Amino acid sequence: MSQKRFPAQDYDVVVVGAGHAGCEAASAAARMGFKTILITIHLETIAQMSCNPAIGGLAKGQLVREIDALGGLMGLLADETGIQFRLLNRSRGGAVQAPRAQCDKARYRMVMKKWLEDTLNLTVFQGIVTDVLVEKGKARGVKTQDGQSIHGRTVIISPGTFLNGLIHMGLQSYSAGRANEPAAVSLGKNLWRLGLKVFRLKTGTPMRLDAHTIDWDAFTPQQGDDLPVPFSFRTCHPLENKVICYFGYTNAQTHDVIRKNMDKSPLFSGLITGIGPRYCPSIEDKVIKFPQHTRHQFFLEPEGVETAEIYVNGLSSSLPYDVQVDFLKTIPGLDQAKILRPAYGIEYDAVSPTELKPSLEVDTIDNLFLAGQINGTSGYEEAAAQGIMAGINACLKIRKQDPFVLRRDEAYIGVLVDDLVTRGVEEPYRLFTSRAEYRLSLRADNADSRLIQYGRKYGLIGEGDLLAFLAKQEKIRRLFAFLQKEKRCLGNLPKISLKEWLKNPDVSLQSVLEYKKFPEPLTDEEMRHTEAEIKYEGYLRRQEKEIDRIQRLDGTKIPEGIDFQKVPGLTREIVEKLGKIRPKTIGNAKRIQGITPAAIINLGLYLKVRKKPTFHVKH
């Protein structure tokens with residue numbers, strides 16, 4: 001019987017996987033005017049929130065703001081489908097404030113699906129990709145399980161946890177990319193055969209409980225903000241809190257049940273070989289690694305307004321179902337709770353991100369880009385950030401233009417990508433504010449002023465949104481002028497400007513404007529931005545000078561064909577690392593794990609001497 005043949009389909013950009021990375025990549029590429037196809041195993045699970053149906057948080061909230069400033073979808077979607085909104089660290093400085101939203105899980109994926117379906121130049125297609133088609137070192141498209149060849153000038157792979165995914169619950173395990181969805185086994189093998197460095201990682205998800213079987217009086221309520229802060233600078237309508245979240249604690253009895261059943265845990269029996277996330281450990285990990293703690297906090301978070309499913313944030317586990325039931329019985333308020341979906345762990349393949357260029361293109365295969373958890377990251381926000389960057393860069397590659405790479409001092413996205421491609425990962429990577437050297441200037445409130453010019457440049461920010469941004473900036477300029485002009489007398493001291501008064505740590509902009517009213521209405525966003533800029537003014541000036549100095553050094557290019565063995569003073573180990581990663585600049589080299597300051601000095605001196613012209617003296 002002859003094999004069924006399909007006509008080849010031609011696209012500019014082929015995106016494999018419709019998680020948060022794939023959706024942003026496909027949307028960006030299509031809106032930049034390129035014929036794009038987004039291929040997913042199930043159309044119904046586009047933008048599925050496999051774990052917590054929440055967007056944002058510390059550092060992650062800043063990422064979403066940056067994605068939005070570039071013209072991405074995640075911020076708009078979080079505002080559209082959010083059911084509880086909170087600005088974390090509101091009482092602290094602007095550098096560590098971050099928005100977070102609990103979203104309606106089902107509505108999030110349905111709205112994303114509708115937006116993608118309505119996007120010009122974008123085809124959404126259900127299929128299972130088995131191979132990347134590579135000819136003469138260039139990606140040319142993909143092949144699907146049913147024999148179709150889909151040709152593309154560029155290919156973006158964003159498969160989430162589906163590459164050779166293996167689900168663990170107790171000592172039982174089965175192949176899946178997510179509960180009850182097939183793993184991408186063939187594609188995982190194909191990437192390995194293409195020569196990419198593949199390794200195993202692990203993550204997990206908590207159980208979901210029936211809201212009707214929880215004694216809510218046993219837990220502490222956690223309300224949303226009275227005045228919710230939008231994620232998107234483009235959201236104009238007021239946001240509404242529709243649910244209340246709660247928090248509680250495990251106890252000594254809970255920990256006893258877990259300890260007695262550790263022999264049934266795949267984490268500790270050796271069944272799981274992949275490395276799990278250090279900053280989001282399972283409950284059994286917490287109990288074993290922190291025996292001094294008699295309790296661990298968890299949160300009860302609704303998955304939507306039209307479902308009884310409750311996500312138990314903080315109780316992820318890969319213990320057997322019966323053990324999960326037993327340890328829930330030890331927690332007052334959950335002792336009668338019914339599990340609707342058991343917790344499980346999942347192990348999957350990732351590709352070492354040191355195999356990538358800063359544009360997220362694979363170094364050894366032209367036109368092939370990787371984005372999301374395949375690069376060793378964790379979290380929807382990190383994935384979405386990589387997705388929009390990969391989408392933009394795939395289009396720029398087709399245009400034969402320079403790649404779009406954000407610096408560490410420009411954006412958290414710059415920190416994220418730079419960390420990945422220069423340092424690599426040994427465990428699922430999570431972004432923190434502490435990873436950003438310039439977090440005073442990389443705030444959630446100023447992401448638009450930092451990045452909107454790029455979104456406009458690449459056609460992802462419309463004229464109307466740009467005009468709204470410029471009007472906002474002009475109003476803030478007038479507010480600054482007002483605060484500088486108006487004076488206040490403090491006791492017997494000479495009069496000082498309201499701006500100088502606001503620099504006092506105990507003075508807020510709200511109290512300043514109660515003393516002297518600004519003649520225009522101000523949003524909460526404009527108030528917080530202005531206050532942060534004024535209070536950090538001195539630090540920001542010093543930081544700008546430091547950034548300028550480091551940029552000059554870090555921007556020093558390292559020639560492609562350089563032989564690092566010729567650089568004096570480098571150890572064999574450092575020569576090997578530099579030769580393997582091939583950093584493009586001194587700045588890239590500095591951030592490679594294990595590269596010492598002395599090695600950077602030696603490399604810098606070598607490049608400086610190498611650049612000097614040779615003069616011949618005539619006799």
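Mentor: Let's go from the overall picture down to single residues. This is a predicted model, so to speak of local features we need pLDDT of at least 70, and side-chain atom pairs count only at pLDDT 80 or more, while totals for chains, interfaces and linings use all residues. Residues are numbered from 1 along each chain as its sequence is written, and side-chain values use heavy atoms, with hydrogens and water left out.

Trainee: Fine. How many helices and strands are there?

Mentor: There are 20 helices and 22 strands. Those are DSSP runs numbered from the N terminus, with helices being H or I of at least four residues and strands being E of at least two.

Trainee: What share of the residues is buried?

Mentor: Buried residues make up 56% of the 619. Buried means under 20% relative accessible area, exposed means over 50%, and partly exposed is in between, using a 1.4 Å probe and protein chains only.

Trainee: OK, the inside. Which residues touch the most other members of the largest nonpolar core?

Mentor: I55 and I413, in a core of 102 residues. Helix 10 (residues 380-399) gives the most to this core, with 12 residues. Apart from it there is another core of 25 residues, including I214 and L328. A nonpolar core here is a set of buried Ala, Val, Leu, Ile, Met, Phe, Trp, Tyr and Cys residues joined through side-chain atoms within 4.5 Å. In soluble globular proteins, nonpolar side chains tend to be buried together.

Trainee: What is I55 in contact with?

Mentor: Leaving aside neighbours within four places in sequence, the contacts of I55 include V64, M74, F231, Y380 and E381. Contact means heavy atoms within 4.5 Å.

Trainee: Switching to helix 16. What should it span, and what does it span?

Mentor: Helix 16 (residues 524-535) has 12 residues, so at 1.5 Å a residue it should span 16 Å, and its end C-alpha atoms are 16 Å apart, which agrees. The expected span is 1.5 Å times one less than the number of residues. Among the buried residues of helix 16 are M527, R528, H529 and I534.

Trainee: What do those buried residues pack against?

Mentor: Their partners include helix 2 (60-69), strand 4 (82-88), helix 13 (463-485) and helix 17 (537-554).

Trainee: Now strands. What about strand 17?

Mentor: Strand 17 (residues 309-313) is mostly covered, as 4 of its 5 residues are buried. Strand 13 (residues 208-210) runs antiparallel to strand 17, joined by 3 bridges, with D210 opposite E309. Strand 16 (residues 297-302) is also antiparallel to strand 17, joined by 4 bridges, and L300 stands opposite V312. Two strands pair if DSSP finds at least two bridges between them. A hairpin through 6 residues joins strand 16 to strand 17.

Trainee: How many residues sit between strand 10 and strand 11 in their hairpin?

Mentor: There are 2 residues between them, and G170 in the turn has a positive phi of about 70°. Strand 10 (residues 166-169) and strand 11 (residues 172-175) are antiparallel over 4 bridges, with M169 opposite Q172.

Trainee: Which residues other than glycine have a positive phi?

Mentor: Among them are N164, with phi near 50°, and K400, with phi near 60°. Most residues other than glycine have a negative phi. N164 lies in the loop between strand 9 (149-157) and strand 10, and is buried at 19% relative accessible area. K400 lies in the loop between helix 10 and helix 11, and counts as exposed at 78% relative accessibility.
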